[in-house]
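Hi everyone, thanks for making time today. Let's have a look at the structure together, and then I'll walk you through the surroundings of its ligands.

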Amino acid sequence: MTGPPLLASLPRPWRGKARLTPGARRRLSAQILAKTLDLGASLAGIAYGATLRTSPSHRGAAVRWPADARSAVVLALVHRSRNPDLDRWDGQKGGTPGNRALIRISAALVHWLRQRHGILAHSMPYQIAQGGIFVKDAAVMAGLGALGRNNLVVTPAFGPRIRLRVVLTRARLAPTGPRYDFEPCAGCAAPCQAACPQAAFRSGAYDRQRCLRQMAADQAAAPEGIRYCRRCELGCPVGMPAAADFEDPGHRGS
Ligand code: B12
Ligand code: SF4
Ligand code: SF4
């Protein structure tokens with residue numbers, strides 16, 4: 001499904017340099033990645049739009065993909081378990097403090113792209129029903145990490161303890177992925193799967209309905225702000241910086 005063009009309502013046409021030499025494109029892409037990190041992202045990468053549109057989650061899904069989106073800048077923000085409030089759904093706009101931080105970084109990046117380079121870009125919403133895209137696929141295609149057996153993107157530096165957001169742009173940028181040299185799950189006994197309180201991985205693959213049962217229980221248990229289950233996330237040893245990471249109550253009782 002094709003959506004409306006990116007920022008179609010903007011008064012002046014895109015001034016982005018459509019015909020950059022490969023060298024200039026690489027330099028522009030490197031500047032964008034550096035700026036994204038500078039704005040506060042923990043990780044950043046670029047996925048090629050045409051490939052991302054046909055990734056496993058996007059195939060056949062009702063995603064309204066902007067017709068002129070050529071590249072996806074993928075932002076990740078680390079969510080360590082010792083800072084659980086980042087992930088608390090507090091009823092305010094943006095959902096969680098972590099997601100609001102990602103929204104702020106994305107908005108600043110969109111502004112900078114426009115002002116500094118004349119490049120139109122759009123920060124994609126979180127929910128698919130609100131026009132979002134599947135950001136785990138974007139992160140894998142951008143080379144941030146690999147899809148783990150916990151059904152989450154596992155990164156070398158932070159494991160799966162990240163939250164993601166995507167800025168789509170009309171500029172043709174140099175993709176930074178996917179990468180083929182990172183296989184975190186090879187030979188792992190999958191403590192992530194064993195940690196699930198709903199046995200959502202009993203078949204080996206993720207069972208959404210079982211996971212949703214836990215999400216419903218978490219909602220009922222926390223009227224002052226919801227802390228959704230993260231056991232398959234926090235149970236992964238990849239990128240675990242310190243044993244302190246295990247002190248999160250979300251991990252206990254698995
Ligand atoms: C809806 C949703 C949910 C729903 C349904 C989840 C589901 N997977 O079906 C519920 C509420 C249950 C949920 C639960 C959780 N979620 Co959630 N969720 C989303 C949301 C909004 C859309 C995901 C979706 O519908 N996917 C579609 C389904 C069909 O895809 P899927 O099950 O993931 O399987 C696909 C991939 O595995 C892919 N795939 C398979 N192999 C390969 C190979 C390659 C190379 C590629 C590219 C892709 C690929 O294809 C599969 C089929 O389409 C995203 C944000 C976003 N906009 O993307 C966050 C998101 C995926 N959730 C996230 C998290 C952290 C969680 C939870 C830990 C809860 C929590 N505390 O936040 C659990 C973890 C459950 C799990 N182990 O997967 C993070 C993941 C971060 C990461 N490190 O990967 C995201 C990205 C949100 C964020 N803020 O960053 N979630
Ligand atoms: S715990 Fe092991 S199997 Fe699970 S995601 Fe991490 S590395 Fe992969
Ligand atoms: S979020 Fe919790 S319930 Fe859902 S799959 Fe992970 S461990 Fe299981």
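Let me begin with a question: from which domains does the shell around ligand 2 draw at least three residues each? Before I answer, please keep in mind that this is a predicted model. The answer is domain 1 (10-169) and domain 2 (191-247).

So who sits around ligand 2? You'll find Gly148, Arg149, Asn150 and Val154 there, along with Pro184, Cys185, Cys188, Ala190, Pro191, Cys192, Cys236 and Val238. Sorted by class, that shell holds 9 nonpolar, 2 polar and 1 charged residues.

Now please turn to ligand 1. It is surrounded by 33 residues, and the closest are Pro56, Ser57, Asn151, Leu152 and Tyr228. Ligand 1 lies between domain 1 (10-169) and domain 2 (191-247), because both give residues to its shell. At least two residues of this shell come from each of α4 (135-141), β9 (162-169), α6 and α7. The largest share belongs to α4, with 5 residues. By class, the shell around ligand 1 has 20 nonpolar, 6 polar and 7 charged residues.

Finally, ligand 3. Its surroundings are made up of Ala195, Cys196, Pro197, Gln198, Ala200, Cys211, Gln214, Cys229, Arg231 and Cys232. As for classes, ligand 3 has 7 nonpolar, 2 polar and 1 charged residues around it.

Note on methods
Residues numbered from 1 in each chain as written. Chains lettered and ligands numbered in written order. Predicted model: local features only at pLDDT ≥ 70, side-chain atom pairs only at ≥ 80, totals over all residues. Near = placed C-beta within 6 Å. Nonpolar A, V, L, I, M, F, W, Y, C, P; charged D, E, K, R; others polar. Domains from an automatic or database assignment. Helix = DSSP H or I, 4+ residues; strand = E, 2+ residues; numbered from the N terminus.
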